Amino acid sequence: MKRMPRIVVIGSANIDLTTFTDRFPRPGETIFGRDFSLGFGGKGANQAVAARNCGADVAMVARVGDDMFGEATIQNFKKLGIDTSRVLMTPGVSTGVAPIFVDSAGQNRILVVKGANDRLTPEDVYAAKDVILRADKVVLGLEIPLLTTIKALQYAKEHGIGTIFNPAPAQILDLKEAGLADYVIPNETEAEILSGMPVRNLDEARQCVRKLQEGGLSRVIVTLGANGALFGDQHIGSFAVEPVDTTGAGDAFIGSLAVFLSSGYSELEAISRANLYAALSTLSIGTQKSFVDAERFNSEWRRRSG
């Protein structure tokens, strides 16, 4: 029997506080929301759950606070079968939280309070070498300190471990440092910040990718939401769905892509599969709880990829 891909996510764990509203309030205005949901989130944790749901052996390297959210986060990972041996509880600090606001069109606005995520250090990464050195892919983002992410990319590269870097939330980066990653995967907004160029359509996205490659990024995948993804000059189309909530779709793409690449699929097929996995995540409310399992995904893939 072929072994499961091994994925390590070095990243954030938050509690999502999601409010659903017909419209976003104007400055100084108070309006009533339609519904509220509390769930587990954080880009790193979401990516770990997506990878686990796709059938991978997953370990999380993260920090949570010594509060009720921290303990609940660890227990949630354990329930899902994610290795928590490197999830550290941080005294005197809150667990990260993310108030999320979703309008009637399914679009979201998110405010992240880092909390314990901001205490994850390069030393924490080095201390997790036992899980990192067994990984097929290491996934990293920017809801933890930038220095920790860059040092982790360096460490993985020195030891021949493949890496996926999701530069989110968007910020200006040294492209040579970001180029330590095997794959850099921004969305349109993040690609604009990285390149200093607008990304409003497919042609502009192609120009952006060329500039990022010239700056030192070897493999760039720009995710385009409902328009699929761009890998170099190649556009990989999306799968038609009627979204209910797009929150977490980018994380679904990243986590599932790590598994599909590690499973031996070609880059183009892996990206197409990740497009479908992300699309399926928009069909229900929430982040982690909207991610489908491998059986549901495989059924949809067989039906839609013919």
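Start by selecting strands β6 and β7, which make a hairpin with five residues between them. Click on glycine 106 in the turn: its phi is positive, about 90°. Before moving on, note that you are looking at a predicted model, where local features need pLDDT of at least 70 and side-chain atom pairs count only at pLDDT 80 or more, while totals for chains, interfaces and linings use all residues. Residues are numbered from 1 along each chain as its sequence is written, and side-chain values use heavy atoms, with hydrogens and water left out.

A word on labels: helices (H or I, at least four residues) and strands (E, at least two) are DSSP runs, numbered from the N terminus.

**Stop 1: the hairpin and its sheet**

β6 and β7 pair in the antiparallel sense over three bridges; two strands count as paired if DSSP finds at least two bridges between them. Select phenylalanine 101 and you will find its bridge partner in β7, arginine 109.

Now widen the selection to the open sheet of four strands, ordered β3-β2-β6-β7, where the pairing is mixed. β3 (35-41) and β7 (108-110) are the edges; each has a single partner strand, so one side of each lacks a neighbour in the sheet. Direction ignored, neighbouring strands here are turned by 20° against each other on average.

On to β2 (residues 14-20), which runs parallel to β6 (residues 96-102) and is joined to it by seven bridges.

How enclosed is β6 by the rest of the structure? Six of its seven residues are buried, so β6 is largely enclosed. Buried means under 20% relative accessible area, exposed over 50%, and partly exposed in between (1.4 Å probe, protein chains only).

**Stop 2: isoleucine 100**

Zoom in on isoleucine 100, in strand β6. With 2% relative accessibility, this residue counts as buried. Leaving aside residues up to four places away in sequence, isoleucine 100 touches Asp16, Leu17, Thr18, Thr19, Asn108, Arg109, Ile110 and Thr247; contact means heavy atoms within 4.5 Å.

**Stop 3: helix α2**

Next, select helix α2 (residues 68-80), which lies across β2, β3 and β6 and runs at about 65° to β3. Angles run from 0 to 180 degrees between N-to-C directions, and axes are lines fitted to C-alpha atoms, for helices over the stretch in contact.

Within α2, show asparagine 76. Is asparagine 76 buried or exposed? At 8% relative accessibility, asparagine 76 counts as buried. Beyond residues up to four places away in sequence, asparagine 76 touches Phe40 and Gln288.

**Stop 4: the parallel sheet**

Select the six strands of the other open sheet, in the order β5-β4-β1-β8-β9-β10, with parallel pairing. At its edges are β5 (83-90) and β10 (183-184), each pairing on one side only. Helix α1 (residues 43-53) packs on this sheet, touching β1, β4 (57-65) and β8, and its direction makes about 160° with that of β4.

Look between β1 (residues 6-10) and β8 (residues 137-140): the two run parallel, joined by four bridges. Isoleucine 10 stands opposite leucine 140 in β8.

**Stop 5: two helix pairs**

Show helix α7 (residues 188-195) with helix α8 (residues 202-214), which pack at about 45° with axes 10 Å apart. The contact is made by Ala191, Leu194 and Ser195 of α7 and Cys208, Lys211 and Leu212 of α8.

Finish with helix α10 (residues 267-281) and helix α11 (residues 294-304), packed at an angle of about 115° with their axes 10 Å apart. Label the residues that meet: Glu269, Ser272, Arg273, Leu276, Tyr277 and Leu280 from α10, and Arg296, Phe297, Asn298, Glu300, Trp301 and Arg304 from α11. By class, this contact of α10 with α11 has five nonpolar, two polar and five charged residues. Here Ala, Val, Leu, Ile, Met, Phe, Trp, Tyr, Cys and Pro count as nonpolar, Asp, Glu, Lys and Arg as charged, and the others, Gly among them, as polar.
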